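Please view the sequence and structure below first.

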Amino acid sequence: MMRTATATLRREELAMLAGVSNTYYTRLEQGQSNNASEAVIDAIARALNLNTDERAHLFNLARPGTTKRRTLTKPDKVRPGTLRLIQSMATTPAVVLGRRSEVLAWNRIGHRLVAGHLDFASPDTPSTRPNMTRLLFLDRHTRELYTRWQEEATRAVSSLRLVAGRATDDPELASLIGELVMNSQEFANLWARHPVENCMSGVKYMHHPEVGDIELNFEVLSPPDQSGHRVLMYAADPGTPAAEALQLLMSCEHATGAEQHKRVTAQ
């Protein structure tokens, strides 16, 4: 939790800057005190010079009792309205993610962009749902998709770390993190660095197997329903090579759909 402190400040110095005793700070750092006041946590955040996302993460870790706990009694699923929305965006790649980065749904062009080697219907069944973070670290096709893989990996771990701070009682999330730590040394190394960032927009650099290099802007929208779902959408600037590549990818998708329709009709 206190990665900045270990890098620049000794524990005693940080405690002094935050205005608390070294013993009390040590208990906080070790998770042995969950009743720290807002003023104390804020003082520690200032001493660590945390940004907004890191500050929020610190509050989640230091005061877990203030986070509403959720008991998931059944598998998560995409809201019908969200599904209709992304399906209506035929020219905009879109993927709906659950809070653990599992794919709850995608539209046709979104599927073809990020995981065309997987079955389009795979998100429909919880047992076969792809997980974007798992794919990034453990799936060869997904790894080859990103030309700046290290940047993408850091972004994914930063987002997952933020989610883990909010959902300390989620056994499925803990299982995912454990699986990735055990099976990917790169994930384990990044996880140990404690990066925290709420990645809501930016640029993704890809080398797609069908259309080659493509540079896409992305935006992440979060519905206000406390579900933790996110809608990840991709777009290219008009008149750029990326826009042409995206248009070509849509043509490939339409051609594949027509061929599939022809085969079904012939049966």
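How many of the eight residues of α7 are buried? Seven of the eight are, so α7 is largely enclosed by the rest of the structure. Here buried means under 20% relative accessible area, with exposed over 50% and partly exposed in between (1.4 Å probe, protein chains only). The buried residues of α7 are Ile 109, Gly 110, His 111, Arg 112, Leu 113, Val 114 and Ala 115.

The model is predicted: local features need pLDDT of at least 70, side-chain atom pairs count only at pLDDT 80 or more, and totals for chains, interfaces and linings use all residues. Residues are numbered from 1 along each chain as its sequence is written, and side-chain values use heavy atoms, leaving out hydrogens and water.

Helices (H or I, at least four residues) and strands (E, at least two) are DSSP runs numbered from the N terminus; two strands pair if DSSP finds at least two bridges between them. Five strands make up an open antiparallel sheet, ordered β2-β1-β5-β4-β3. Its edge strands, β2 (103-106) and β3 (201-208), each pair on one side only. On average, neighbouring strands are turned by 30° against each other, direction ignored. Between β1 (residues 94-97) and β5 (residues 230-235) the antiparallel pairing spans four bridges, and Ala 94 has Met 233 as its bridge partner in β5.

Angles run from 0 to 180 degrees between N-to-C directions, with axes fitted to C-alpha atoms, for helices over the stretch in contact. Contact means heavy atoms within 4.5 Å.

| Helix | Strands touched or crossed | Angle |
|---|---|---|
| α10 (residues 149-166) | β3, β4 | about 135° with β3 |

Elsewhere, the axes of α11 (residues 171-183) and α12 (residues 185-192) come within 5 Å and cross at roughly 120°. That makes α11 oblique to α12, as angles under 35 degrees count as roughly parallel, over 145 as roughly antiparallel, 65 to 115 as roughly perpendicular and the rest as oblique. Ile 177, Leu 180, Val 181 and Asn 183 of α11 meet Gln 185, Phe 187, Ala 188 and Trp 191 of α12.

A nonpolar core is a set of buried Ala, Val, Leu, Ile, Met, Phe, Trp, Tyr and Cys residues joined through side-chain atoms within 4.5 Å. The largest has 43 residues, and Val 114, Phe 137, Phe 187, Leu 216 and Tyr 234 have the most contacts inside it. Helix α10 gives the largest share, seven residues.
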